[in-house]
Amino acid sequence: MLRAEGLCHSFGAVRGLDDVSFSVQPGQTLAVFGPNGAGKTTLLKVLAGLIQPQRGSAHVEGGRRVIGWIGHQPQLYAQLTVRENLRFWASLYDASPSGELLTRLGLDEHADRPVRALSRGLVQRVAIARALVHDPTVLLLDEPFTGLDRVAAEALRRLLGNVMKQGGASVLVTHNVEEGTELATDVAFMRAGRFVHFAPRAGRGPGQVAEEYRNAIA
Amino acid sequence: MRSPDLLRHAWTVASKDLLVEFRSRTAILSVAVFVVLVLVVFNFGRDATAVSNVDLAPSILWVTFTFAAILALNRAFQLELENQALEGLLLAPIDRSSIYLGKLIANLVFVSTIEVIGVPLVALFFNVPVIQYLGPLVLTIALATVGFVAIGTLFSAMTVRTRFAELLLPVLLLPFMILPLSWAVLATGRLLAGRPLSEIAGWLNMLAVYDFVFVILAVLLFPATVNE
């Protein structure tokens, strides 16, 4: 469903990606952990087609149409209302925003408020709704839990779980080993653009993965 | 991608930009005030006995439009940097040229609005016969505007992620504006002087060719300019 082969990309002298290869099958979530500057966001951008890798290739079955992206920034227009934002992004995918999505994320009562009037947590919820508005089957998630309160984080987990149950796949990059491990079927540790560890989670708990991460990155 | 999809997505982007501008009104009000102030300064800063109004007005009209348009064009892609919406646009399964065309449409509406404010003020301050030649004047303004807004929209996309975008845009754009501006000034001058329309036909043709060439070039080049 999602495949990367020998990805290499540098920004001047800084190595963003160094021979990264992996594949993610339907129903799988790969969690990628790494310190700042490890190349996690670059990896997601290459998978999304926002950056062309200097070597190697990335393939997403279904192309850009099936990708849902949650990044550091919400990719919303502050002057527009929640509904107008979702309508705009949906129309670019020839889709229409469903009311159910707003309900699941607890955004019903905020739908006609401008995004600039919302709290950071609500904005992040709208960003999640934006990413899911076209029913994507491949999710690329860059620190998706940042700024979310407990209720919204739980709603996000449920939504991601639904996408996986329906045969979707996702790549999640985060600093937070505990949160990332909960969702993961596979785990990778990244340092200086390389995967230094890549294996199925295989029943390991967050504590065990965190311990392995500390050992691998140290 | 099929042309109807290209145009539909372009209109989606343009209408979003116009709605955002309508909600904030910050840019249009700032530029409108700029146009009024520049024309007031020119009005009081000229020696009416040295150069006749009909000779002076076309240059002042186009200098004012040029700088107002640059201010307006600077904001075209700034809007997309806010919250990194540009990444979302680039990720969407649409032809990237439709993003350019959408921005071009929104910028044309924006700059035209400024011109609608500027023309009556020039007529008022310089006492030139605008109403009498309104049709050909609108045609001249429209043809010149399409050309420099087409190039300006492309350069706005190129410079938006640079550190000195506000400075870099005019530095890149002004050399490309020399030809259409000079044709527009000459055509406007002849019109306001009451010369026959046949005298400006050549300049209008050249403006139309300029528009055609640079709109096509910009549509083709835009996808490469927004790659990271």
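Predicted model: local features only at pLDDT ≥ 70, side-chain atom pairs only at ≥ 80, totals over all residues.
Residues are numbered from 1 along each chain as its sequence is written, while chains are lettered from A and ligands numbered from 1 in the order in which they are written.

**Sheet of chain A.** I looked up an open sheet of 3 strands in chain A, with the order 2-1-4 and antiparallel pairing. Strands are DSSP runs of E of at least two residues, and helices are runs of H or I of at least four, numbered from the N terminus; two strands pair if DSSP finds at least two bridges between them. Strand 2 (14-24) and strand 4 (55-60) of chain A are the edge strands, each pairing on one side only. Strand 1 (residues 2-11) of chain A joins strand 2 of chain A over 8 antiparallel bridges. I found Val24(A) in strand 2 as the bridge partner of Leu2(A).

**Domains of chain A.** Domain bounds come from an automatic or database domain assignment. I read domain 1 as 1-62 + 137-149 + 168-218 and domain 2 as 63-68 + 76-136. Their centres, taken over C-alpha atoms, are separated by 25 Å. I found 12 residues of domain 1 in contact with 10 residues of domain 2 (C-beta atoms, placed from the backbone, within 7 Å). Strand 6 (residues 138-142) of chain A gives the most to the domain 1 side, with 3 residues.

**Contact of the chains.** I noted 20 residues from chain B and 24 residues from chain A in the contact. Helix 1 of chain B gives the largest share of the chain B side, 7 residues.

Methods. Contact = placed C-beta atoms within 7 Å.
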